[in-house]
Amino acid sequence: MHKFPSNADLYVFVTAVRKQSFAAAADAIGASPAYVSKRIHVLEESLGTQLFHRTTRRVALTEHGERVYHQAQQVLDNVDHLMQEVGATRRVPSGPLRVSSSFGFGRQVVAPALALLSEQYPSLQIRLEVFDRLVDVATEEFDLDVRVGDEIAPHLIARRLGDNHRVLCAAPGYLARRGTPRTLEDLADHCCLVIKERDHPFGVWRLRQGNAEHTVKVSSTTLSTNNGEIALSWAMEGRGIMLRSLWNVRPLLQRGLLVQVLPDCTQEANFWAVYPSRLDTSAKVRTTVEFLVAHFRGLQVDAPAQRHGPLMDYP
């Protein structure tokens, strides 16, 4: 008779599957590769079957491993829901909270918010990870993704945190040298700084002008990056025109360090808290989202009514 597997070993196993590596799984859970290997071996002994095909570079699931993986996810989800329901009755969220975001927004906005959340709920064990790509919270083991941008998969739950849009802008020096574009077509004659960041389609700017939607293919770029802060530094140096979130560039526009170009052309990019449907009843996720809603509301200020809606203001 086989020994019943522990939830801890199932968690290590699921993490190893998702990371496709014992070493990466060890890094994710804060343990050593040897520990991960040992727990997988114990789990295999408990179940009486081999779960992985092991090679020097990666691991792959066996046929039995595939079945165990799907069942293990369900077991862990059920345990998590149980713990969250118990936590809800105590009204004190606790345990690990895995949050993802983008580089600049995560560092400048999400990280300070989570630090305040930690002060209010010290029983939470918050881990923030930032990426230059859009994270699939449903499969990548995150509880919550705090993002800028309105393209959200229908299988995810999204709570709007605040209003924001992206604007075209450039340094005064650049516009003095190259002239100020008067139409979207004029952008073809300018240096455009392209960002491949999360949900940005590379080299394509989708802009709203009044009630019309326009797709601008940026073909005259000489500088591109996957990091918005790098593109912002290039724009500040007078190297071209960029499309950037107003939360990020508004103080620079106010101080005259950047100038908004084609001000009637914008791109919606609001703030969202996004999480998988299986966590809809999670007390810690619900508490975190409500905290972020209130936090973002406190950070928003009124902008000129004729052009902009509420947005973030940072020094």
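Q: How many salt bridges does the structure hold?

A: A salt bridge is a side-chain nitrogen of Lys or Arg within 4 Å of a carboxyl oxygen of Asp or Glu. In this predicted model, the structure holds 13 salt bridges. One of them joins the side chains of R39 and D9, with N and O 2.7 Å apart.

Q: Where do R39 and D9 lie in the chain?

A: R39 belongs to helix α3 and D9 to helix α1 (residues 7-19).

Q: Is D9 buried or exposed?

A: Buried means under 20% relative accessible area. D9 has a relative accessibility of 4%, so D9 counts as buried.

Q: Which residue forms a salt bridge with E141?

A: The partner is R18, and the closest N and O atoms are 4.0 Å apart. This pair also links distant parts of the chain: E141 is in the loop between β4 (124-131) and β5 (144-148), while R18 is in helix α1, 123 residues apart. E141 is buried at 8% relative accessible area, whereas R18 is partly exposed at 24%.

Q: At what angle do helix α2 and helix α3 pack?

A: Angles of 65 to 115 degrees count as roughly perpendicular. Helix α2 (residues 22-29) and helix α3 (residues 33-47) pack at about 105°, their axes lying 8 Å apart. Therefore α2 is roughly perpendicular to α3. Residues making the contact include F22 and I29 of α2, and Y35 and I40 of α3. By class, the contact has nine nonpolar residues, one polar and no charged ones.

Key: Residues numbered from 1 in each chain as written. Predicted model: local features only at pLDDT ≥ 70, side-chain atom pairs only at ≥ 80, totals over all residues. Heavy atoms only, no water. Axes fitted to C-alpha atoms, helices over the stretch in contact; angles between N-to-C directions. Helix = DSSP H or I, 4+ residues; strand = E, 2+ residues; numbered from the N terminus. Parallel < 35°, antiparallel > 145°, perpendicular 65-115°, else oblique. Contact = heavy atoms within 4.5 Å. Nonpolar A, V, L, I, M, F, W, Y, C, P; charged D, E, K, R; others polar. Buried < 20%, exposed > 50% of the residue type's maximum accessible area, 1.4 Å probe, protein only.
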